[in-house]
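Q: Could you take me through this structure one feature at a time, giving the general idea before the particular case?

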Amino acid sequence: MQLYNKLSAKERAALLEQAGEERLTLSFYQYAKIGNPQLFRNHLFLAWQDMDVLGRIYVAHEGINAQLSVPAKRFTVFKEFLDGIYFLKDVRLNIAIEHDLKSFLKLKVKVRHKIVADGLEDKTFDVTNKGIHVDAQKFNELIEDPDTVLVDMRNHYESEIGHFKNAITPDVDTFRDSLDIIENDLKDHKEDKKLVMYCTGGIRCEKASAYYKHKGFKNVFQLEGGIIEYARQVENQQLENKFLGKNFVFDHRRGERISNDIISHCHQCGEACDTHVNCANEACHLLFI
């Protein structure tokens with residue numbers, strides 16, 4: 001059995017261009033108890049390799065986090081495969097606003113300690129005891145409430161190019177860094193404020209909402225499906241778009257435009273800009289604008 005990639009990214013890109021077939025960029029996650037993550041990983045790799053699925057997938061005892069590029073013509077087969085796994089039946093799929101033929105160039109399915117690194121070793125913390133999920137319309141209402149504190153659960157390089165107006169955007173490099181900072185900053189408002197959170201697709205907010213409930217916050221909400229699903233509902237339902245700028249995404253696109261606002265600046269010349277590039281220095285790879 002082949003349980004690894006044989007093609008380089010360059011070779012895969014050439015094949016995708018040659019085929020010229022439409023592909024869908026999507027993501028999903030699910031917290032669930034997985035007894036043997038390695039066995040599950042191998043099952044996914046073999047099935048998705050046959051479907052020509054590409055992407056970056058993390059599997060752990062606590063669940064799965066997947067970002068994928070799926071051939072459009074095989075989407076139905078892909079969905080039927082997911083529905084055949086009991087904890088993934090009817091899982092919400094976050095379909096990208098903008099698609100790219102080469103959003104992913106390899107199929108990487110990795111076993112990790114956790115699907116979202118949080119640095120927590122608290123055995124009494126139940127990640128399934130999550131906050132209240134709200135749709136775009138309810139989210140818009142909540143964030144206009146003076147008793148609401150809106151928090152961006154993403155990293156600084158993500159919120160720098162796009163965020164909701166009036167959101168708290170912690171200056172952090174990792175999700176685990178933000179947990180204690182936000183709790184400390186809001187410790188006096190555990191009962192009198194509504195804590196509303198958002199992230200890219202929902203996975204970080206789901207863990208954060210459960211964590212803050214565990215820490216004593218009484219009114220905890222999260223944006224269902226994250227910014228990706230919010231943008232879709234805003235367009236489909238003709239709602240007011242309260243997101244400014246781009247939504248950072250973790251593939252070769254690096255961003256999806258949600259509004260025409262450019263809220264960030266080039267790190268070198270200071271001009272208005274929101275295009276991330278990866279430093280070409282092999283010893284660096286720093287993302288900068």
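**Reading strands and helices**

A: In strand β10, Gln222 is the bridge partner of His133. The model is predicted, so to speak of local features a pLDDT of at least 70 is needed, and side-chain atom pairs count only at pLDDT 80 or more, while totals for chains, interfaces and linings use all residues. Residues are numbered from 1 along each chain as its sequence is written, and side-chain values use heavy atoms, with hydrogens and water left out.

Q: Which strand is joined to β10 by three bridges and includes residues 132-134?
A: Two strands pair if DSSP finds at least two bridges between them, and strands are DSSP runs of E with at least two residues, just as helices are runs of H or I with at least four, numbered from the N terminus. Here β6 (residues 132-134) runs parallel to β10, and β9 (residues 194-198) also pairs with β10 in the parallel sense over three bridges.

Q: Are the residues on the two faces of β10 buried or exposed?
A: In a regular strand the side chains alternate between the two faces of the sheet. In β10 (residues 220-223), Val220 and Gln222 on one side and Phe221 and Leu223 on the other are all buried, meaning under 20% relative accessible area, with over 50% called exposed and partly exposed in between (1.4 Å probe, protein chains only).

Q: How do α2 and α3 pack?
A: Two packed helices are described by the angle between their axes and the distance between the axes. Helix α2 (residues 37-50) and helix α3 (residues 75-83) pack at about 160 degrees, with axes 11 Å apart, and α2 and α3 are therefore roughly antiparallel (over 145 degrees).

Definitions and conventions:
Axes are lines fitted to C-alpha atoms, for helices over the stretch in contact, and angles run from 0 to 180 degrees between N-to-C directions. Angles under 35 degrees count as roughly parallel, over 145 as roughly antiparallel, 65 to 115 as roughly perpendicular and the rest as oblique.
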